[in-house]
Amino acid sequence: MAARAQSETQVLVRTSGLGKAYPKVFHRRDRLRALGRLLVGRRGADAVRVLEGVDLRVERGQSLGLIGENGAGKSTLLKLLTGVLTPSAGSVLVNGRVGALLELGAGFHPEYSGRDNIALSAALYGLSAEETRAKLAEIVEFADIGDYIDEPVKHYSSGMSVRLGFAIVAALRPDLLITDEVLAVGDESFQKKCVRWMEQYLSDGGTLILVSHSMYHIQKLCRQAIWLRHGRIEASGGVFEVTQAYLAYHERKTAAQEVAHANATGTGTEFELVEFALNGESADVPALIEQGGSLVARIEVTSRFGREPVIALGLSRADGTTVYGLASDMDGRHPRRIDENRYAVEIVFDALPLLPGSYLIRAHAMDSEAMRLFCTVERGLTVRGESRELGMVRLAHAWRECVDAGSQRGAAP
Amino acid sequence: MPALRLALHFIHRDIRNRYLGSFSGGLWALLQPLAQLAVYSFVFVYVFKAKAPGADAPGYVPFLALALWPWTAFSEGLSRATTAIQDNAALIRKVAMPREVLVFAAVASSFLIQGIGFLAILLALRAFGVPVHLSALPWAAATYALLSVLALGYAFLFAAVQVFVRDLAAALPQLLMLWMFASPVFYARESLPERYWRFVDWNPFAHYTEAFRGALLGSPAQTIGGDLTAVAVAFGILAVGLFVFRRLNPHFEDFL
């Protein structure tokens, strides 16, 4: 603890030009050839690069989130940091004791009981038998898996393995905690327990590297983030900036697929949506606005027989949850006819109360009676900002009978 | 020293694991080589009428026992260590650790268990009236320790190669069988035609059969030169084994 306090700015992890390539092994012959090559001191020739040129610097007390798609190299990077893997390029430097929870189970032996595995993990971490005994009760209590602690680990559910694994790491109180998708497996109450523990650990000066697909957890626990893509760092910096860039990228990816799909579901060409501009931008990229900024949606519809369409607009979260929807006929409005077969509307949201995140915004063209849907166009919308509020929209509110806590953790402006 | 502590943990786990699950428990460690010795004695003494060389030889059973027990420790340690890395792949993929410990623990636990059996059989032979020189026990213990160094050298080599070439573990029982019969375990060097005697020295294990018999039964002993050569060979093979193991170690994960 004392050492932690006095070396505030100490670099705990530093990598430069870090890369990892796995050998391509298809045949028995390849293994033999690889053996021969390695014995004479040469590297394998054919290799699949999974990580390239990663420069990383983590100081004591920092919390770093690692995000990216499956196969982006996140787990490989963690394994390189913990020393399980040897880099094929570049270097890794780690000061201090590392507690790692890689994937599920943290290297448990399936045939041994939970207790025996605790002893093994403690021995691997370098604890003596007495130190292990002292920590045993704490670990058993934190894991909270009841009598299963004396059962072989092979009978555990994946949730129980993670409970035990996390309990062990928590008891070891490492200088650097590395966890890979642990929170995804535990149940709600255990997740909360872990998050609470990690927050306490961080406020005590601990250092964290967290891999998660949950942007919620990343934003809650980390101040910095790195987005890995195809084994390279795509973006790094503040957690909000990086996670939003990452979500926007996903948005683009799914939007490209879904617009094609949505357009294909139009049942006819009697009404066709020909223009859908957000803040004057009609290109097929997610619109980007600042939190609390304004949004102007301009929609133009062609009508084959000159009949007036009903135009609707829907806003949903990336996961499909509807946030808000409205239609011209509901509000008693008529689209303006701009020529024989063309109608237009503009819908203006001043100070859009959406919280930062990724959203989908859809425009629909319906017939005059709003009975049939003819055409849908979907676009992504990214709201940028720093906020720890939960949910999708900011509800107007005021605090009473309380004092300003002066939170330093990026409270909403 | 954390590595040593870790090694002790693995040795403890290994020993407990091997004997706790079986009904006879720790007794099995003694029963298995005893049964083996009984079968071999029956075959060689009653069927083949084998005799230990020398006029005042104390009989074939002690002659055989003194070479068979070290061989069992040696071969068992070797075959367990060969798959030590592969068997602990789940651990190696998730935790950074000195992997030498896994190989060391496999060899050490075999030598510990067989060592206790060896000691027990020596005392039993003595109780049955065989003139075992108990005063030579410290010397025998040192020889036994040297044998474990030799075994460790081969173990590092085999365990590392096994990660890359999986055929090794499958071929090992045959290889060990051949090695056993090529060593003067069932026979003495003197029983061979004289022109083959010098070839026996090419077998690193041969020294130990003669060293144990020489020290404990008083049969023709090794010279000092032979002992020094054995020390050099054991540590030489350990050095080679460690070199190969350490060179391949960074790449284990890629091939497991």
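Predicted model: local features only at pLDDT ≥ 70, side-chain atom pairs only at ≥ 80, totals over all residues.
Select helix 3, residues 60-82, and helix 8, residues 167-182, both of chain B. These two helices pack at an angle of about 165°, and their axes lie 10 Å apart. Angles over 145 degrees count as roughly antiparallel, so helix 3 of chain B and helix 8 of chain B are roughly antiparallel to each other. Their crossing is right-handed.

Now show side chains. On the helix 3 side of the contact, pick B:Trp71, B:Phe74, B:Ser75, B:Leu78, B:Ser79 and B:Thr82. Across from them, in helix 8 of chain B, are B:Leu168, B:Ala169, B:Leu172, B:Leu176, B:Trp179 and B:Met180. Colour this contact by class: nine residues are nonpolar, three are polar and none is charged.

Next stop: another helix pair. Select helix 6, residues 100-127, and helix 7, residues 137-164, of chain B. Here the packing angle is about 150°, with the axes 10 Å apart. That angle makes helix 6 of chain B roughly antiparallel to helix 7 of chain B. This crossing is right-handed.

Which residues of helix 6 of chain B meet helix 7 of chain B? Select B:Glu100, B:Val103, B:Phe104, B:Val107, B:Phe111, B:Gln114, B:Gly115, B:Phe118, B:Leu119 and B:Leu122. By class, the contact of helix 6 with helix 7 holds 15 nonpolar, three polar and one charged residues.

Notes. Residues numbered from 1 in each chain as written. Chains lettered and ligands numbered in written order. Heavy atoms only, no water. Axes fitted to C-alpha atoms, helices over the stretch in contact; angles between N-to-C directions. Helix = DSSP H or I, 4+ residues; strand = E, 2+ residues; numbered from the N terminus. Parallel < 35°, antiparallel > 145°, perpendicular 65-115°, else oblique. Left-handed = near helix turned anticlockwise from the far one by under 90°. Contact = heavy atoms within 4.5 Å. Nonpolar A, V, L, I, M, F, W, Y, C, P; charged D, E, K, R; others polar.
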